[in-house]
Amino acid sequence: MKNRRKLVYIAAVAILATGIFFLFSGSGSSSDVKKNLSPESVVEEFTSAMKSGNFDKAEKLCVADSMNVYLDSYKQVWNALSQENEEAIAEVAKILAEVKLRINGVEELDGVCMVRYTLEMDGLLKKHQAALRMEGGEWKVVKITDKN
């Protein structure tokens, strides 16, 4: 039992580190994606979906071609841990839920909206910028870059 718990924590730390890397890096159900969200709200919804492992919802908030690598990398790690140990993924989800998002500014130019935001967890701050564009009458995430 002790070895299993230790293995769970090691796996949780590994997935957490990978999850935080993708959440902090630059590179619900799907039906709860709301229509006509502001660019800021799209970034908030996208981040929330990624933190909770709701990749269907996250995909609906993105331009698929440009965000596939970002989403697929995160999904692979999340799914691998989910298959190995339910307790570990629950711990990781609990930790990721503590990540806070703060919008720092929004700028629209030539049909592209840039949303500057900060992710914070336990005093660690990571600044990002999300590029969004209008697609089918809705703002969609095109690219996320690290601004630190």
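This short talk walks through one protein chain, from its overall layout to a few single residues.

Good morning, everyone. A word of caution before we start. What you see is a predicted model. Please keep that in mind throughout.

Let's take the overall layout. The chain has 148 residues. Its secondary structure comes to five helices and four strands. How do these elements run from the N terminus on? The order is α-α-α-α-α-β-β-β-β. So much for the order; now the surface. The accessible surface of the chain comes to about 8400 Å². Carbon and sulfur atoms account for 51% of that surface. As for the residues, 41% of them count as buried.

Next, the sheet. Strands of a sheet pair through backbone hydrogen bonds, and the pairing can be parallel or antiparallel. Which do we have here, parallel or antiparallel? The pairing is antiparallel. The four strands form an open sheet, in the order β1-β2-β3-β4. Strands β1, residues 100-109, and β4 are the edge strands, and each of them pairs on one side only. On average, neighbouring strands of this sheet are turned by 25 degrees against each other, direction ignored.

Let's go through the pairs one by one. Start with β1 and β2. Nine bridges join these two strands in the antiparallel sense. Find Val-106 on your screen. Val-106 stands opposite Val-115 in β2.

Then comes β2 with β3. Strand β2 covers residues 112-121, and strand β3 covers residues 124-135. They pair over ten bridges, again in the antiparallel sense. Here, Tyr-117 stands opposite His-128 in β3.

Last pair: β3 with β4. Strand β4 covers residues 138-146. Eight bridges join β3 to β4, and the two run antiparallel. Which residue of β4 is the bridge partner of Glu-135? That is Glu-138.

Now look at the turns. Begin with the loop between β1 and β2, where Asp-110 sits. Phi of Asp-110 is near 55 degrees, which is a positive value in a residue other than glycine. Is Asp-110 buried or exposed? With a relative accessible area of 73%, Asp-110 is exposed, because the cut-off for exposed is over 50%.

Move on to the hairpin of β2 and β3. This hairpin has two residues between the strands. Asp-122 is found in the loop there. Its phi is positive too, near 50 degrees, and Asp-122 is not a glycine either. Asp-122 counts as exposed, at 70% relative accessibility.

The hairpin of β3 and β4 also has two residues between the strands. In this hairpin, Gly-136 takes a positive phi near 60 degrees.

Back to His-128 for a moment. His-128 lies in strand β3. Its relative accessible area is 1%. Buried means under 20%, so His-128 is buried. What does the side chain of His-128 reach? It reaches the backbone oxygen of Thr-145, at 3.4 Å.

Now for the core. The largest nonpolar core holds 31 residues. Which of them touch the most other members? They are Phe-46, Met-50, Met-67, Leu-132, Val-141 and Ile-144. The largest share comes from α4, with six residues.

Phe-46 is in helix α2. Phe-46 counts as buried, at 2% relative accessibility. Leave aside its neighbours within four places in sequence. Then Phe-46 is in contact with Ala-58, Leu-61, Cys-62, Met-67, Tyr-70, Leu-71, Val-141 and Ile-144. How far is Phe-46 from Lys-60, C-alpha to C-alpha? The distance is 8.9 Å in space, and the two are 14 residues apart in sequence.

Now turn to Val-141, with neighbours within four places again left aside. Val-141 has contacts that include Val-42, Phe-46, Leu-61, Cys-62 and Val-63. Ser-66, Met-67, Ala-131 and Leu-132 are also among the contacts of Val-141.

Another is Asp-122, in the loop between β2 and β3. And then there is Phe-46, in helix α2. Thank you.

Terms used: Residues numbered from 1 in each chain as written. Predicted model: local features only at pLDDT ≥ 70, side-chain atom pairs only at ≥ 80, totals over all residues. Heavy atoms only, no water. Pairing = 2+ DSSP bridges. Buried < 20%, exposed > 50% of the residue type's maximum accessible area, 1.4 Å probe, protein only. Polar contact = N/O pair within 3.5 Å; in protein donor to acceptor, adjacent residues only side chain to side chain. Axes fitted to C-alpha atoms, helices over the stretch in contact; angles between N-to-C directions. Areas by Shrake-Rupley, 256 points an atom, 1.4 Å probe, with all protein chains shown as cover. Core = buried A, V, L, I, M, F, W, Y, C linked by side-chain atoms within 4.5 Å. Contact = heavy atoms within 4.5 Å.
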